[in-house]
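Here are my notes for you, written as a colleague would jot them down. Keep the picture open while you read and try to find each piece as it comes up.

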Amino acid sequence: NLRIREVALPFLRQLMMGTNLTVHLAILEHYDAILIAKMDPPGVASLSTWIGRRMEVHCTGVGKALLATLPEGEREAFLHSRVFARHNDNTIISPRLLRQQFEAVRKLGYSVDDEEDEVGFRCLGAPIPSVEGQYLNAAVSIAGTILTVNDSNRAELAAKLTRTAAQIGEAMQQEDSTRV
């Protein structure tokens, strides 16, 4: 996990500077998203996140991106293993609706937290792919206010995010091939 963080840092910095949004890198551990890197853009108020923070996976961009890449049986086991906490009226807690969200991630390549974790904030998350078409146990996200992440810029932001996730995956593969 420290290795992916070190490999990802230049790409995360580039994403932060290119979007002027907070960037997170997270891994999945015991059905929690654990933040292993965070970058805040200069001059922007910091989100209430920190390295090492455990975040719920059903209502966060990185969490949904991580869950969507799990094998179907493991995803279903997760959906049946707990009652999901409602953070506000926007939080999706229905297993049926969460399945739809996971399908959207697999189709679009990114997830959306539309004020589900915290009112006034949106987050887009993307799983980090490996070259073999599988996924690493990691995801990257960009987060901002509902004014900075909105319908008019969502497609552009999602493209930057998914490109960054792919670049991190490629860099990890290159590092692995040089270690052999």
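The points below go from the sheet to its helices and then to one arginine.

1. Before anything else, keep in mind that this is a predicted model. Everything I describe comes from that model.

2. Start with the sheet. Six strands make an open sheet, and if you walk across it you meet them in the order S3-S2-S1-S6-S5-S4, with antiparallel pairing. Strand S3 (54-56) and strand S4 (111-114) are the edge strands: each has a single partner strand, so one side of each has no neighbour in the sheet. The sheet also twists, by an average of 35° from one strand to the next. If pairing is new to you, strands of a sheet pair through backbone hydrogen bonds, in either a parallel or an antiparallel way.

3. Ile34 has Arg54 in S3 as its bridge partner.

4. Next, the helices on the sheet. Helix H1 (residues 2-19) lies across S1, S2, S5 and S6, and runs at about 65° to S2. H2 lies across S1, S2, S4, S5 and S6, running at about 155° to S6.

5. Which residues of helix H3 (residues 72-81) are buried? They are Arg75, Phe78 and Leu79. These residues sit on the same side of H3, because they cover an arc of only 95° around the axis. Their cover includes helix H2 (61-68) and helix H4 (95-108). On the face turned away from the buried side, you'll find the exposed residues Gly73 and His80.

6. Finally, have a look at Arg122, which belongs to strand S5. What does the side chain of Arg122 make a polar contact with? One partner is the side chain of Asp114, at 2.5 Å. A polar atom of the Arg122 side chain also lies 3.1 Å from the backbone oxygen of Ile146. Leaving out residues up to four places away in sequence, Arg122 touches a whole list of residues, including Asp113, Glu115, Ile142, Thr145, Val149 and Asn150.

Methods
Residues are numbered from 1 along each chain as its sequence is written. This is a predicted model: local features need pLDDT of at least 70, side-chain atom pairs count only at pLDDT 80 or more; totals for chains, interfaces and linings use all residues. Side-chain values use heavy atoms; hydrogens and water are left out. Buried means under 20% relative accessible area, exposed over 50%, partly exposed in between (1.4 Å probe, protein chains only). Helices (H or I, at least four residues) and strands (E, at least two) are DSSP runs, numbered from the N terminus. The arc is that of the directions from the helix axis to the C-beta atoms. Contact means heavy atoms within 4.5 Å. A polar contact is a pair of N or O atoms within 3.5 Å; within protein, one must be able to donate a hydrogen and the other to accept it, and residues adjacent in sequence count only if both atoms are side-chain atoms. Two strands pair if DSSP finds at least two bridges between them. Axes are lines fitted to C-alpha atoms, for helices over the stretch in contact, and angles run from 0 to 180 degrees between N-to-C directions.
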